Each structure stands twice: as structure tokens, then as C-alpha cells.
Amino acid sequence: MASLKPHFEIVDYDDAKSLDSAMITGEKYRITVLSDVLVRIEYSETGTFENRPTELVKFRRFPMSKFLRKEDSQYLVISTPYFKLEYTKNKPFYGSKVNPEQNLKISLVNTDKFWYLDHPEARNFKGAGYSLDNADGGANFGKGLYSTDGFVSLDDSESLIFNKDGSLGRRSDKRIDTYIFLYRKDFGFCLRDYFKLTGKPALIPRYALGVWWNKDYPYTKSELEELVWNFNKRGIPLSVILLSKYWHIIYEKTYSGFTFNYELLDNPKQMIDYLHEKKIKIGLNIDPTGGIHPDEISYERFRAKAGITETGIIPFNIFNRGILTAYLDELIKPLNSIGVDFYWIDYYNPKDLLTLRALNHYHYMDYNINSNKRGMILSRNGMLASHNYPVLYSGYTKVSWNNLNMIPEYNLTSSNIGISWWSHDIGGYLDGIEDPEMYMRFIQLGAFSPILRLSAAESHYYKREPWLWDAKTNSIVSDYLRMRHRLIPYIYTEGYKYHKTGLPLIQPVYYKYPEIYDEPLYKNEYYFGSELFISPITSKKDLLMNRTVHRIFLPNGVWYDFKTGKKFIGGKRYVSFFKDEDYPVFAKKGTIVPLAVLEEDDINNTDAPKKLEIQIFPGRSNTYKLYEDDGISSLYKDGYYLITDIDYNYQINNFTAIIRPTEGKGGVTSPIRSYIVRFRNTRKADEVILYIGEDRQTNVKSYVDGNDFIVEVEKASSTKQISINCKGTDIEIDAERIINEDIDTIISDLQIKTSLKEEIAAIIFSDLEIKNKRIEIRKLRVKGLNRKYIRMFIKLLEYVAEI
């Protein structure tokens, strides 16, 4: 039997076996206490139990957890601070329909809740499903980890097992193998143990956080060059280009292909070199399950290495080691050698998750052969520990407002099962109606999503290129695509936190406020990393008002609109009115957000920037730990990274920002870096003291930009500490959001007589009760105010009444 290459080997294979002291074993059962909140239960009629890693579970050698054990010849009781397990020895775990917990019952300590095998777990908040292919607002969800029951179970009974060489196999008999997390309200402990059990989330390459392009179109080299030129000419960054099925020869009787279509791309390596020169990565669409066609350039080599004697289309079986080895060596390796960066595994078969998971695993693990290239794929959800195989692809989705509204919810439920890196069709992929407002809102959501992938089917009437729209749409969309690229330092740092701690990049607001889950107006809100809060707009605007009327719930604390700096007091619900160019992104007081400053002649570059803008909001001292590495290799595992602390020491009218490297090795970022430190909602300081290292700078460049005070630091050593102290009198701008200001801008923008605007404003901003304001507005009909505007202002007064 053929063997797999050494880089597929499971290095820490024995870590899949729990400590002997944690296991309680009987004739037909084994119960393992993995932690205070996690227990494994196994039942086998043959007394055979599993110590090998599985598709779901990689690590069981948890540190010994203290627990109480009481037993006699018939009964076993295990207690931890979080749960109490009661079991009738050697009885099947299943009870009767009337009394399902009669043989096995696990109670949550200090609650009236308990779990038993096949518990409905009705309060589970769900997790990501397989895909959203052909969805139009509806989605299929799987089980998540988050539940207001305070417990959740994961079944590992049917998962494939890993052999030491990395090959997959089936278990020899039927058994029950289930993990139960019993965390009460301490969901963080659940995530901690889940990632310890299944593997830490992968750190994706930095380039994946930029703007992706994906159109199902038969591109030639000149058309790709024109596409890149069009993006960059307009100052719009582009980081990744995906080539759909047309890159390869399309054969009869199979949809698989691995030989370039030389009629379209006569020199693939030259084309890839051109993209790399422009700092753009390339991914290829593949699906080997259609079989290997005889006209493939590597067909005979593949056939020989796989040990296949038959001719014709060779069926693909990823569980055959010979075929798997031949596939990677003779079909994938030649593509790697000319510079292909990653693969879009476009296998769609919801009934065959085993093949999908194996494809995802072996493609991802194949990157281990070279530490200079970090693993990444694009593929559908295999439904078991999929955080180990980023990026997940949600499939071909329809162009619709319904899908725009669904995507935030889908991302949030994904966090419930530990997944952050989803890639959706931003703008929608097929069908529907191309709508500039919907396109803008898709892009804005994408800018504050894990991955931003512009995507569409082949027709040129699907407009994902910003410049194909009207001037206003083009301008707004282009600005948000630039903002996305600028956010890479922040998102990459938050992605590193996710990798190290398991804290999802996107966190639902209902983690802290469970009641919000049942409020459709607010349930799509989420924390985007540690510093930002998003309340996505997913509905159409009021055409007369030319605003989107949007309801927002803000968590406790003080928040600022990230764009305008307007101040909001948290723990409240708001009604706001958003123009097309605005989006509900909020920063809490003391927020620190690092942003790249785009370089016009190197706009696609996603590396750690040579010039960094640091935005700091007032009100609270804070420290942000900026993480950077080379963004592409696995050398960060050997310490080749840099963590820079950005400290903000806040006192009213006297605050200090300190930038200092605190961990890691030099050489992974530019040795010289410039900074723009933007103190939000701050007037000009009377005194600015700047130190670079121990040297006080005599010429400090500082100025006011709108409501912000800016200090620039030019070409400082990235290994030296920078300290900026600002002092003054009454330099903090309060900028509390006032609803009347929003309404006044609405009145100002209306196409009605100015005299009517004056009368409307006098009524709206008067001290009259709401009902009397409605009466006065209706009276303006005799002065020429159109009925449609009267209805609009009546509705606006209803919103004011809510506030």
C-alpha cells in the first residue's frame, strides 16, 4: 500500500490519548473528565474505546482536572464545580422514552438543568451549515456551542480516525463517543476547551484580508491585466484574483481539469508572475471528483504513480493513498511550482461530507511541506472542526436583499461553533436585480466582515466593478474598499488573537445580552474584533427621506460613530438616519485602531505597512497589542513576529500615546516606519511633547483635521519607543449625538421650497407634543406641501416618539 508523504504525519499523535487518571473505565463504558466543564462518555458493547485522533478531535491530553468520584458496584457519581454525572454502571447510556435520564444523567451544578443522551438541546443558538448555495434569505444551520441551557454535546461516534501517517480510516465497530460541554453561563470556558480539543484556529495569510475578485468568466492574460489596471488606476486595492473553471481545459464527460487552457492563457507562469509583481495572489477553482481525463498533460505520470492499469477517465478516490499521492504530486505540485497560491475546492455534494473533509484536510496539510508558505484553501464547510481549514466558502448565492440580511446572522451563528473565516458572494452571485443601493450596502458589510470577496456569474450585466456604476455609487464603494484595505493591520491582529485564544473575530451581541437573540431589529449586531461594533444595514432606504431608517442597540458604555465621531451613550436603543455613504460602525471610548496608510504606487500591498495611522478615541486608558509577521510563512511559529504595544494613558486634557515593541523578533517589519496618530474628537493641544527613544524632538508636526488632532512622526525606528504627550485646556470635543441634527439634514436635502422648510423645522423642533406636531404638519397641505412629504414627516415623528 502506498504511504503518504512525511508532512502529512500526525506529529503529536499520542496527545489524542487522555491521561489515565482522568479516565474511569468499566466493562462497557469509559468516562473521561477532561476539565471542569468538559466530559467525554463512551459506550461499547465490546469494551473497545478510541484513543486515536479523529476528524473532530485532535487533543485529549488535558491537564488533570480535580473531580470527586463516588461509586459502588452499581452506581458511579462524578462531580466538578460545574457538573454532576450519575451513571448506572455498564447500562446503555440511553434510558426509556418516559425516563431518558434513568441510566445516565449529567446535572449542571446550582441549576435545575440536566443533560441526557439525545437531549433535544432546544435552546441551542445553532452553528454554521454546509453552504448557502442558491439561498435567498433562508439558511440551513448546524449545531452550535452557545446555548442558554448552558450545555451542548458533540457526537464523535461516526467520525473517521487518523492513522499516524495522516491517512484516514473508519472505526471497526459501532459505539457511542460523545463530548458534553457543561459551562452554565461561562461560554468562554466552552470555547477554550473546544479549541484545545479540536485544534486552535488557523492563522490565515495576511493577503486574504484584502479585496478579492471572483467572476465566472474565461479571462485571457490581457483581460486580467486590464482588470488590474482598472482597479489600480482608480486607487482601489486588489489582493486576490480567483479564476473559475475556465482556467483549465473543459473536457467532455468530466468537470475536472488540471491543464491550463492555453488558448486563453498561453503562458500561465508569466500571467502569475505579473499578478505577483502587482502584489496580487491567485487561487484556482478545482474539483477532482469528476475523475482524471486522459488528455491531461500529467495523465500518464498520474496513472503510473497511482498504480492504475485501466485507461480512460480515472475515477477519483481521495481515500486511496496511491491516488491521493499521485493527485498531489502530479496534478497539484506542477501548479504550485509556477506560483499558484491556493485552491478553491468547488466540490458540492451535501450527502458526501467525508470526501469534502478529506479534500479540505489534505489540501490544507499539503502546505506543511514548505514553511515559507502558510496554508489556506477556499472550500465549503465540512461540518467538523472546520476552523482548522480556512477559508470557508458559502457557495453560489442569489443577488437579493434577503441574502444581504442573512449574511450577518450566518456569520454570527458561525461564531457559535468557533468559525470566523467565511467568504460570501459580496454583491450576490447570480439572478436577482442589480441595484446600486443594495450593492453599496453589500460592500459596506463586506468591509467589516472576515473576508471581502466581490463575486458574480459570467454575464457582464452583473456589475461588481465599482466604475461600472453611477458616479455616486462608484465613489462610495471605492471608499469602502479602500477602508477595508486600510483595516488589514487591525483585522490581522484580531485574527491572531482568534488563533491564539479562540476568541472569534465576530462576536454576537447576544453573548452579553441573550435577550437580543429574539429581537429581529438587533440580532444581527456584532463586535468586530475587540475595538469595533457593527450594526449592519440590510434594508432599503426611505426614498423620500433619502435615508435608511435604522434601529440600533448599543451595549453599555460610551460609544463613538467611527466615521463622524458622534457620541452615543450605551445601554440604549436608538433610531438613526443613514445616508448612502454612512454605515453604523462604532468605537467604544478608549478604542485604538491601527490602519494602513495606502501607498499610491504600491496600493495592492498587504504587508505590514511602512506608514501606519493610529486612531485613538478619548475617554479611557487602553492598550492595543498590534501583531505583525511576514504574513505568508509559518515562521511566526518559531518566534518571527513582532508585537507592538500602543498605550493610551488618558486624563482629561492631558493624555499620552506610547508606541513600543514588546515581544518577538526584529526584521519582520520595515525597520523604519512613519506614523499618523489621530486623536479623535480632540481640539488642538496647547503643548505636544514627542520623544523617539530618549531623544526629545524639537520640531513636532501637528495639526487639526475636522474634529481630530493629529501628530505625525516621520521615519522612526520600528524598534524604538515613541511617546506623544498632549496637553491643553478644554481640548476634548463632546460631540454628543443630537437627533435634531439628523432631522435638520433631512429637511435640508428635500426638494421643496425653502419657506416650507422653515415652517417644517419650526414645527418639528418646537416644544409641542408629538400629536400636536402631527396636526400642524398636516395643515401645511394648504401651503403646498405634497401629501407624500406630509406622510414622511408623520412617520418621522413616530420615530422621534420612539426615542
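Predicted model: local features only at pLDDT ≥ 70, side-chain atom pairs only at ≥ 80, totals over all residues.
Me: Fine. How do β26 and β27 pair?
Reply: Strand β26, residues 558-561, pairs with strand β27, residues 567-569, in the antiparallel sense, and 3 bridges connect them. W559 has F568 of β27 as its bridge partner.

Me: What about the hairpin of those two, which residue there has a positive phi?
Reply: G565 does, with phi near 80°. The hairpin has 5 residues between the strands.

Me: And how many bridges join β26 to β29?
Reply: There are 3 bridges between β26 and β29, residues 585-588, and the two strands run antiparallel. In β29, K588 stands opposite W559.

Me: Which residues of β26 lie on each side?
Reply: V558 and Y560 are on one side, while W559 and D561 are on the other.

Me: Changing topic: in what order do the strands of the open sheet come?
Reply: The order is β1-β2-β3-β12-β9, which gives 5 strands with antiparallel pairing. On average, and ignoring direction, neighbouring strands are turned by 15° against each other.

Me: How many bridges are there between β3 and β12?
Reply: β3 and β12 pair over 6 bridges in the antiparallel sense. Y179 in β12 has R40 standing opposite. Helix α1 packs on this sheet and touches β2, β3, β9 and β12, and the direction of α1 makes about 150° with that of β12.

Me: Staying with α1, what span should it have, and how far apart are its ends?
Reply: Helix α1 covers residues 187-198, and its 12 residues should span 16 Å at 1.5 Å a residue. The end C-alpha atoms are 16 Å apart, which agrees with that expectation.

Me: Which residues of α1 are buried?
Reply: The buried residues are F187, C190, L191, D193, Y194, F195, L197 and T198. They pack against β2 (29-35), β3 (38-43), β9 (151-155), β12 (176-182) and α10. An α-helix has 3.6 residues a turn, so residues three or four places apart point the same way.

Me: What happens just after α1?
Reply: G199 follows, with a positive phi of about 115°.

Me: Now the helix pairs. At what angle do α8 and α9 pack?
Reply: Helix α8, residues 436-447, packs with α9 at an angle of about 10°, and the axes are 9 Å apart. That angle is under 35 degrees, so α8 is roughly parallel to α9.

Me: Which residues of α8 and α9 meet there?
Reply: From α8 come P436, Y439, M440, I443, Q444, G446 and A447, and from α9 come T473, I476, V477, Y480, L481 and R484. By class, that contact has 9 nonpolar, 3 polar and 1 charged residues.

Me: And α9 with α10, what are the angle and the axis distance?
Reply: Helix α9 (residues 471-486) and helix α10 (residues 488-501) pack at about 50°, with their axes 5 Å apart. This makes α9 oblique to α10. R484, H485 and R486 in α9 meet I488, P489 and I491 in α10. The contact of α9 with α10 has 3 nonpolar, 1 polar and 2 charged residues by class.

Me: What is the phi of A385?
Reply: Phi is near 50° for A385, a positive value in a residue other than glycine. A385 also belongs to the loop between β17 and β18.

Me: Is A385 buried or exposed?
Reply: A385 counts as buried, at 4% relative accessibility.

Me: And where is N90?
Reply: N90 lies in the loop between β6 (83-88) and β7 (104-108). Although N90 is not a glycine, its phi is positive at about 65°. N90 is partly exposed, with a relative accessible area of 27%.

Terms used:
Residues numbered from 1 in each chain as written. Heavy atoms only, no water. Axes fitted to C-alpha atoms, helices over the stretch in contact; angles between N-to-C directions. Helix = DSSP H or I, 4+ residues; strand = E, 2+ residues; numbered from the N terminus. Parallel < 35°, antiparallel > 145°, perpendicular 65-115°, else oblique. Contact = heavy atoms within 4.5 Å. Nonpolar A, V, L, I, M, F, W, Y, C, P; charged D, E, K, R; others polar. Buried < 20%, exposed > 50% of the residue type's maximum accessible area, 1.4 Å probe, protein only. Pairing = 2+ DSSP bridges. Expected span 1.5 Å × (residues − 1).
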